[in-house]
Amino acid sequence: MSNVWSVKMGRSLFGAVSLSMLVACGGGSTGPGGSPAGPKAHTDGGEVIKTASGRAVTQEAHDKWSDALAAYDKAAQAGWNSGSCSSVSDDFLDAAKAQGNKFAEAFFMAGVALERCDKHDDALKLYNRALESNPKYCSARSAVGLDQLKKGNASGAAQTFQRAISDDNQCTEAYVNLAIIQRSQGGAQVEEALKNLRRALAVDSNYLPAYNQMALLYLEQAKGGKQESIDLAQVVCRQAQIIDPKYAPIFNTWGLISMYLGNVIEALRFFEQAAKLDPSMFEAHMNFGAVTHSFRGYEDAHRSFAKAVDLRPKDYDAHIGLGASLRGLGKAAEAKAEYEKAVAIDASRPEAYFNLGVLYQDYMEGNVADLKTAKGYFGQFVSRAGSSAAVKPQLSEVQRRCDAASAKKKRRSSKDCRPGRLQNIDNAVDALTAAAAMQSKSGGN
């Protein structure tokens with residue numbers, strides 16, 4: 001039915017939202033309670049416009065809906081802020097009110113607008129209001145699943161996505177998000193993930209989030225030893241680019257593929273393109289910052305990490321990256337502040353303590369007090385690192401010790417063993433303390 005309104009999220013996990021006039025989720029019969037009174041909106045062909053649940057849309061609700069969509073696009077282009085998120089959300093709520101509060105699409109979009117400013121709890125309430133209006137509205141059901149996934153309830157999210165598919169077997173976003181969960185589970189579930197991505201594309205052959213997740217799946221398979229999959233990943237990226245050359249996530253994924261292939265310059269170009277196409281794409285800024293930092297491009301890294309922090313002020317890794325770039329620029333005090341912000345976000349993670357230790361050992365005055373402060377931070381790093389594989393190299397860098405006596409027995413030179421940071425600190429403190437004692441003694445004589 002071409003005369004039915006539906007708004008679908010063009011996203012997987014928490015990516016960008018796209019709006020389009022599509023065939024409805026959840027059927028086309030008139031819902032309980034009928035349609036509100038008042039003149040009805042019509043298509044150019046004269047057909048009555050209906051909601052996804054089949055209710056005729058009043059002209060007033062249609063006009064307010066159109067105004068709200070225009071306000072949404074304007075805010076997206078200008079850059080979201082707290083004021084625009086609230087204002088656009090209210091515009092969609094006005095459309096819902098004009099439809100007798102039986103307008104699932106409007107409640108859903110009101111939630112999406114709030115979510116653009118990280119007002120997730122308020123957005124969730126509106127998604128649930130959308131489901132009260134239409135229990136089979138797939139976009140709202142998928143949004144609830146995404147909230148569960150973000151909060152760490154993967155099994156609950158999977159059940160929610162499966163219900164969305166049961167209610168509407170054309171719910172592309174549910175197929176894709178279910179595939180993301182299945183891919184993370186590994187094993188036989190990876191094949192199920194691929195099947196769900198193909199199901200999404202069977203419904204909509206131009207559904208770009210499905211292409212993006214398929215490329216990521218093939219990339220993971222290549223990393224797992226299935227080398228031929230990397231070619232498939234690139235083919236998928238090219239196909240997505242043909243469909244929409246302005247779809248930012250595929251360029252970010254293409255950058256990850258290029259990194260895997262060792263083509264760093266190409267990867268930088270892809271990450272930069274993704275960030276240019278979608279300045280709100282956190283992942284692209286983080287990836288560009290990480291690569292430029294590895295080449296000592298601290299100015300570029302600083303700009304990227306600063307943007308990432310602006311986008312997600314409570315993201316631990318963004319503050320770590322920004323601190324590292326500031327350290328590279330010689331701004332030790334500012335770097336320290338960023339690391340401390342990361343600690344405030346999650347004091348149980350070890351990375352910030354390691355970076356604070358490096359800062360005090362290598363970038364401060366080099367006196368005994370600084371070295372002892374560094375040692376204290378490294379101690380906190382070690383106590384939190386545990387057996388984490390993610391920080392294993394740093395753990396070795398901190399704890400490695402060289403025993404001169406055992407090295408001599410094995411006929412190795414001292415150059416064969418490079419002392420770790422803690423041993424270097426102990427040696428430096430001993431040397432500085434001895435030098436100070438000698439100077440004091442010399443001055444006393």
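Mentor: Axes are lines fitted to C-alpha atoms, for helices over the stretch in contact, and angles run from 0 to 180 degrees between N-to-C directions. Helices are DSSP runs (H or I, at least four residues), numbered from the N terminus. This is a predicted model, in which local features need pLDDT of at least 70, side-chain atom pairs count only at pLDDT 80 or more, and totals for chains, interfaces and linings use all residues. Residues are numbered from 1 along each chain as its sequence is written, and side-chain values use heavy atoms, with hydrogens and water left out.

Trainee: What makes α17 roughly antiparallel to α18?

Mentor: The axes of α17 (residues 351-362) and α18 (residues 368-385) come within 8 Å and cross at roughly 160 degrees. Angles over 145 degrees count as roughly antiparallel, so α17 is roughly antiparallel to α18.

Trainee: How do you know that Cys 85 and Cys 117 form a disulfide?

Mentor: A disulfide is a pair of cysteine sulfur atoms within 2.5 Å. From S to S, Cys 85 and Cys 117 are 1.9 Å apart. Cys 85 lies in helix α2 and Cys 117 in the loop between α3 and α4, so the pair ties together parts that are 32 residues apart in sequence.

Trainee: Why is Cys 171 called buried?

Mentor: Buried means under 20% relative accessible area (1.4 Å probe, protein chains only). Cys 171 has 0%, so Cys 171 is buried.

Definitions and conventions. Helix = DSSP H or I, 4+ residues; strand = E, 2+ residues; numbered from the N terminus. Parallel < 35°, antiparallel > 145°, perpendicular 65-115°, else oblique. Buried < 20%, exposed > 50% of the residue type's maximum accessible area, 1.4 Å probe, protein only.
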